[in-house]
Amino acid sequence: MVIIFNPVAGRRRAALLWRVLDVLAANGIRLDLAETHRAGHAEALAREAARGGASMVVAAGGDGTIAEVANGLIGSAASLGVIPLGTANVLAKEYRLSTSPRGIANTLAYKRTRPLWPGLAQMHGRDQLFVQMVGLGFDGAVVQGIQPLLKRLIGRGAYVWQSVWESIAYGFPLLRLNIDGVAHEAASVVVSKGRLYGGPYMLAPNAHPEAPGFQVALFENPGTFPALLAGAALPLGLLPRCPGVRILPARHVEFTQAAGKIPAQADGDRLSATPWAVTDAAAPISLIVG
């Protein structure tokens with residue numbers, strides 16, 4: 001079992017990793033631990049492990065680390081395991097993975113799998129695989145504006161603080177996009193593989209992460225009040241019914257025009273460029289669920 005660990009998770013979350021490793025080692029499971037040192041390193045480590053014949057590669061980190069490892073495994077026979085150490089751990093909640101050390105260890109030991117069908121955010125020069133969501137506009141601005149230190153100190157509270165700030169500071173330029181060939185406009189867009197957003201909160205009830213396709217959340221009304229209203233509706237489970245929010249099924253999303261560079265994020269990590277399209281990965285990945 002190859003475990004790829006993102007040390008940016010911090011000491012408290014690293015302690016959870018060590019407890020999981022203790023349980024696995026006590027049950028005679030051979031472990032190879034590799035730490036990441038830069039963005040994209042988890043992908044390279046996962047690809048190397050898969051090429052070396054590893055049957056399971058485990059991502060120990062948040063959703064961004066999981067996406068990097070998945071990107072390294074796509075097209076291989078290796079299964080993806082998860083030790084959720086992130087702030088929101090959306091994918092773990094989506095698949096109802098255990099968060100206790102013994103439960104995580106049991107999940108990895110039993111090796112029962114379910115498919116996970118990632119998406120691809122297509123940018124000029126490269127594609128970015130994602131396992132949960134891609135956000136453009138206000139959503140991307142919130143993720144790009146968060147200070148890593150604040151995120152480590154107060155966790156999800158950093159997103160609340162940044163959302164309030166961006167609701168005032170962000171300019172809400174219009175996004176134009178085609179969803180399966182039909183034109184739409186919105187102030188912000190989230191293309192989601194899963195049902196959940198920001199942790200355990202419902203965004204797209206009809207999403208199926210095991211199958212191709214997406215749910216596209218269009219936030220049609222720009223400005224401070226609509227952004228704050230959506231933020232207040234999220235923890236109440238009311239975001240899908242929030243005024244100005246439409247959720248549509250999709251197989252292919254293409255962004256046709258943007259006023260300059262639009263901030264974007266994938267699985268909670270900032271994207272260096274604005275995607276011009278979002279489509280399915282070529283094949284699913286086997287996710288270890290216990």
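This report walks through helix packing, an aromatic cluster and several individual residues in a predicted model.

## Helix H6 and its surroundings

Let's start with helix H6, which spans residues 138-145. Eight of its eight residues are buried, so H6 is largely enclosed by the rest of the structure. The buried set runs through Phe 138, Asp 139, Gly 140, Ala 141, Val 142, Val 143, Gln 144 and Gly 145.

Leaving aside residues up to four places away in sequence, Asp 139 touches Ser 188, Val 190, Tyr 197 and Gln 265.

## H6 against H8

How do H6 and H8 pack in terms of angle and axis distance? Helix H8 covers residues 157-169, and its axis lies 9 Å from that of H6, at an angle of about 125°. The two helices are therefore oblique to each other, and H6 passes H8 in a right-handed crossing.

On the H6 side, the contact is made by Phe 138, Ala 141, Val 142, Val 143 and Gly 145, while H8 contributes Tyr 159, Gln 162, Ser 163, Glu 166 and Ser 167. Sorted by class, this contact of H6 with H8 has five nonpolar residues, four polar and one charged.

## The aromatic cluster

With ring centres required to lie within 6.5 Å, the count comes to five aromatic pairs. One of them joins Phe 138 and Phe 172: the pair is stacked, with 5.6 Å centre to centre and 15° between the planes. Together with Tyr 170, Phe 138 and Phe 172 form one aromatic cluster.

Phe 172 has a backbone feature to check as well: its phi is positive, at about 55°, although the residue is not a glycine. Phe 172 counts as buried because its relative accessibility is 12%.

## H8 against H9

Is the arrangement of H8 and H9 roughly parallel or roughly antiparallel? Their axes come within 8 Å and cross at roughly 160°, and that makes H8 roughly antiparallel to H9. The crossing is right-handed.

Val 164, Ser 167 and Ile 168 of H8 make the contact with Thr 224, Ala 227 and Leu 228 of H9. By class, there are four nonpolar and two polar residues in this contact, and no charged ones. Ser 167 is named in the contact of H8 with H6 and also in the contact of H8 with H9.

The C-alpha atoms of Gly 231 and Glu 48 are separated by 40 Å, and the two residues are 183 residues apart along the chain.

## H2 against H3

Helices H2 (residues 41-51) and H3 (residues 63-73) form another packed pair, with axes that come within 7 Å and cross at roughly 35°. This crossing is right-handed.

Which residues meet here? H2 brings His 41, Ala 42, Glu 43, Ala 46, Arg 47 and Ala 50, and H3 brings Thr 65, Glu 68, Val 69, Asn 71, Gly 72 and Leu 73. The class tally for the contact of H2 with H3 is five nonpolar, four polar and three charged residues.

Arg 96 lies in the loop between helix H4 (90-94) and helix H5 (101-110). Its phi is near 55°, a positive value in a residue other than glycine. Arg 96 counts as exposed because its relative accessibility is 75%.

Gln 122 has its place in strand S6, residues 119-123. With a relative accessible area of 16%, Gln 122 is buried. Not counting residues up to four places away in sequence, Gln 122 touches Asp 127, Pro 275, Trp 276, Ala 277 and Thr 279.

Terms used. Residues numbered from 1 in each chain as written. Predicted model: local features only at pLDDT ≥ 70, side-chain atom pairs only at ≥ 80, totals over all residues. Heavy atoms only, no water. Axes fitted to C-alpha atoms, helices over the stretch in contact; angles between N-to-C directions. Helix = DSSP H or I, 4+ residues; strand = E, 2+ residues; numbered from the N terminus. Parallel < 35°, antiparallel > 145°, perpendicular 65-115°, else oblique. Left-handed = near helix turned anticlockwise from the far one by under 90°. Contact = heavy atoms within 4.5 Å. Nonpolar A, V, L, I, M, F, W, Y, C, P; charged D, E, K, R; others polar. Phe/Tyr/Trp six-rings, centres within 6.5 Å; stacked < 30°, edge-to-face > 60°. Buried < 20%, exposed > 50% of the residue type's maximum accessible area, 1.4 Å probe, protein only.
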